[in-house]
Amino acid sequence: MVATNIKFFLSIVLEVINLDDFVIVEMFFRRQESAITESKLKYGNRLFKTSKNILHSNEDAEECVNDTLLKAWEVIPPNRPTMLGAFLAKIVRNLSINKWETKSASKRGGKEPNLLLSELEDCLPAKTKTEDQHESAQITQAINAFLNNTDKTARVAFVLRYFHGESIRAVSERFQMSESKVKSILFRTRKKLKTHLEKEGINI
């Protein structure tokens, strides 16, 4: 199922390590509830935007942000993320996709999530089993290697579009270029990613 695969496939985010994250993670380990408050102060707006890009609902996005912080409280420890923002972003994205899938089961889903899935379908690994840790690590490593060796503009555009769910218009405004140019960049990047994954022996 493509919607399920996407939650594993997009387990990447490019982010600079911030030393403050270490302090917040330590607060989680010490079971200080202020860790949740500090996480929301630092990353709340970013998490909200990512969730809203998927759900198109302020209320649902706020709920997902709160659920993300509670989930972080449950899994830190034993997890000790070095990039807290990326760690939280992955959680909020997955929770948002789950909520979107639930709503789509009873009525027609949102236009943008369906469009994102259709764009990625041709370069999604086939029959990905997210519970297979070896397979997951192999695919994650291959995707990271590809993005690390990709032109910065293409890399950032890819992450904004497919990790944070930004619209084509939003990405074009970020780079101050036409929407057609952004679509072209994303198309070429998806094609190159597909070729890279196939060379790595990953079935598409």
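Me: Which residues of α8 are buried?

Reply: Start with the general idea. An α-helix has 3.6 residues a turn, so residues three or four places apart point the same way. Now the case here, in a predicted model. The buried residues of α8 are A154, R155, A157, F158, V159, L160, R161 and Y162. At the start of α8, a side-chain oxygen of D151 comes within 3.0 Å of the backbone nitrogen of T153.

Me: What is R190 in contact with, beyond its neighbours within four places in sequence?

Reply: R190 touches E119, L120, C123, F158 and Y162. Two of those names, F158 and Y162, are also among the buried residues of α8. R190 itself sits in helix α10, residues 179-199.

Me: Is R190 buried or exposed?

Reply: Buried means under 20% relative accessible area. R190 has 15%, so R190 is buried.

Me: How many salt bridges does a search of the whole structure find?

Reply: The general idea: side chains of opposite charge can pair when their charged atoms come close. Here the search finds 6 salt bridges. One of them joins E26 and R80, with the closest N and O atoms 2.4 Å apart. This pair links distant parts of the chain: E26 lies in helix α2, R80 in the loop between α4 and α5, and 54 residues separate them. E26 is buried at 17% relative accessible area. R80 is partly exposed at 45%.

Me: What does K40 form a salt bridge with?

Reply: K40 pairs with E62, and their closest N and O atoms are 3.0 Å apart. K40 is in helix α3 and E62 in helix α4, 22 residues apart. K40 counts as partly exposed at 33% relative accessibility. E62 also counts as partly exposed, at 31%.

Me: Which residue does K99 form a salt bridge with?

Reply: K99 pairs with E63, the closest N and O atoms being 3.3 Å apart. The bridge links helix α5, which holds K99, to helix α4, which holds E63. E63 is partly exposed, with a relative accessible area of 35%.

Me: Where is confidence lowest, and where is it highest?

Reply: Where pLDDT is low, the predicted coordinates should not be read in detail. Helix α1 is lowest, at a mean of 51, and helix α4 is highest, at 95. Over residues 11-19 the pLDDT is below 50. The protein averages 81, and 77% of the residues score at least 70.

Terms used:
Residues numbered from 1 in each chain as written. Predicted model: local features only at pLDDT ≥ 70, side-chain atom pairs only at ≥ 80, totals over all residues. Heavy atoms only, no water. pLDDT = per-residue confidence, 0-100. Helix = DSSP H or I, 4+ residues; strand = E, 2+ residues; numbered from the N terminus. Contact = heavy atoms within 4.5 Å. Buried < 20%, exposed > 50% of the residue type's maximum accessible area, 1.4 Å probe, protein only. Polar contact = N/O pair within 3.5 Å; in protein donor to acceptor, adjacent residues only side chain to side chain. Salt bridge = Lys/Arg side-chain N within 4 Å of Asp/Glu carboxyl O.
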